[in-house]
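I opened my notebook on a structure that was new to me. These entries keep to what I looked up.

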Amino acid sequence: MQAFFFDMDGVLFDSMPSHAKAWVEVMHRHRLPCTERDIFINEGRTGRDVIDHCYRQTYHTDAPDGLWQQIYKEKSEAFEQKGAPKAVDGVAEVLNYIRQQPDTQIWIVTGSGQDSLFARLESYFPGVFAPERMITAHDVQLGKPRPEPYLKAWQRSGLDKSQCCVIENAPLGIISAKAAGLRCLAVNTGILTNDDLATANPDEIFDDMHQLLDYLRSQTATL
Ligand code: MG
């Protein structure tokens with residue numbers, strides 16, 4: 001038995017450019033500092049954590065109730081207006097390959113609560129994901145980079161940690177996976193450098209999903 005825990009944004013959906021543009025747009029509307037690189041570096045945090053992170057830079061305290069909900073609502077709307085993201089190039093082939101392996105679980109472990117993306121999973125990746133094998137922003141108290149999301153997936157999988165493997169694209173997601181004591185394969189699908197990803201100490205770093213697939217094919221016996 002083995003389980004693969006897939007992050008969603010930047011791993012399944014090429015949604016990070018739209019997320020970054022939407023966040024920058026809405027934060028600036030509220031006169032809060034925010035760059036696209038901030039969003040890529042902070043990818044994996046829950047929406048509330050991202051808002052608090054930017055708010056604290058100016059006000060040195062968390063965003064008040066009412067405001068953060070308003071910003072998150074506006075950001076979700078701005079993201080929707082960017083149109084449907086594509087699947088990350090090559091990830092469908094990776095998922096198909098993993099599904100062909102016997103006794104394999106495929107999970108999603110994401111800080112996102114973006115219902116529009118959850119709704120697209122079945123049409124983009126038919127038959128791959130099941131609702132009971134998803135950990136989302138709605139399931140955790142302390143999101144990435146803390147270990148809770150991946151620990152929850154591991155506990156629910158019923159497997160040993162040595163049988164679990166995380167696929168991540170973001171530094172904070174990698175930190176979360178490693179803090180949970182799990183093997184983590186990083187795929188660079190965004191604007192950060194491989195050195196940015198390396199600071200989080202993943203077990204491997206790949207330039208794209210095609211390299212990851214080659215690696216999985218070569219490692220199947222040991223994963
Ligand atoms: Mg991601």
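In which loop does Asn201 lie? I found Asn201 in the loop between α9 (194–198) and β6 (204–206). I note that the model is predicted.

I stayed with Asn201 and read its backbone angle. Phi is near 60 degrees there, a positive value in a residue other than glycine. Asn201 counts as exposed, because its relative accessibility is 57% and the cut-off for exposed is over 50%.

I then turned to His60. Its phi is near 55 degrees, again a positive value in a residue other than glycine. His60 sits in the loop between α3 and α4. At 67% relative accessibility, His60 counts as exposed.

I also looked at a peptide bond. The one from Lys144 to Pro145 is cis, and its omega is near 15 degrees. I placed Pro145 in the loop between β3 and α7 (148–157).

**Entry: α1 against α4**

I moved on to helix packing. Two packed helices are described by the angle between their axes and the distance between the axes. I looked up both for helix α1 (residues 16–29) and helix α4 (residues 67–81). Their axes come within 8 Å and cross at roughly 135 degrees. α1 and α4 are therefore oblique to each other. The crossing in which α1 passes α4 is right-handed.

Which residues make the contact? From α1 I listed Ser18, His19, Ala22, Trp23, Glu25, Val26, Met27 and Arg29. From α4 I listed Ile71, Tyr72, Glu74, Lys75, Ala78 and Phe79. I sorted the residues of this contact of α1 with α4 into eight nonpolar, two polar and four charged.

**Entry: α3 against α4**

I checked helix α3 (residues 47–59) next. The axes of α3 and α4 come within 10 Å and cross at roughly 115 degrees. That makes α3 roughly perpendicular to α4. I noted a right-handed crossing for α3 and α4.

On the α3 side I wrote down Gly47, Arg48, Ile51 and Tyr55. They meet Leu67, Trp68, Ile71 and Tyr72 in α4. The residues of the contact of α3 with α4 divide into six nonpolar, one polar and one charged.

**Entry: aromatic rings**

How many aromatic pairs does a search of the whole structure find? I got seven. One of them joins Phe13 and Phe125. The ring centres of Phe13 and Phe125 are 5.9 Å apart and the planes are at 50 degrees, so the pair is tilted. This pair links distant parts of the chain, 112 residues apart. Phe13 is in the loop between β1 (2–6) and α1. Phe125 is in the loop between α6 (115–124) and β3 (134–135).

Are Phe13 and Phe125 buried or exposed? Phe13 is buried, with a relative accessible area of 0%. Phe125 is buried too, at 3%.

Phe125 also pairs with Phe129. Their centres are 6.0 Å apart and their planes are at 90 degrees, so this pair is edge-to-face. Phe129 counts as buried at 11% relative accessibility.

**Entry: Ser112**

My last stop was Ser112, in the loop between β2 (104–109) and α6. Why does Ser112 count as buried? Its relative accessibility is 9%, and buried means under 20%. Leaving aside neighbours within four places in sequence, I found Ser112 in contact with Met8, Asp9, Phe118, Thr136 and Ala137.

Terms used: Residues numbered from 1 in each chain as written. Predicted model: local features only at pLDDT ≥ 70, side-chain atom pairs only at ≥ 80, totals over all residues. Heavy atoms only, no water. Axes fitted to C-alpha atoms, helices over the stretch in contact; angles between N-to-C directions. Helix = DSSP H or I, 4+ residues; strand = E, 2+ residues; numbered from the N terminus. Parallel < 35°, antiparallel > 145°, perpendicular 65-115°, else oblique. Left-handed = near helix turned anticlockwise from the far one by under 90°. Contact = heavy atoms within 4.5 Å. Nonpolar A, V, L, I, M, F, W, Y, C, P; charged D, E, K, R; others polar. Phe/Tyr/Trp six-rings, centres within 6.5 Å; stacked < 30°, edge-to-face > 60°. Buried < 20%, exposed > 50% of the residue type's maximum accessible area, 1.4 Å probe, protein only.
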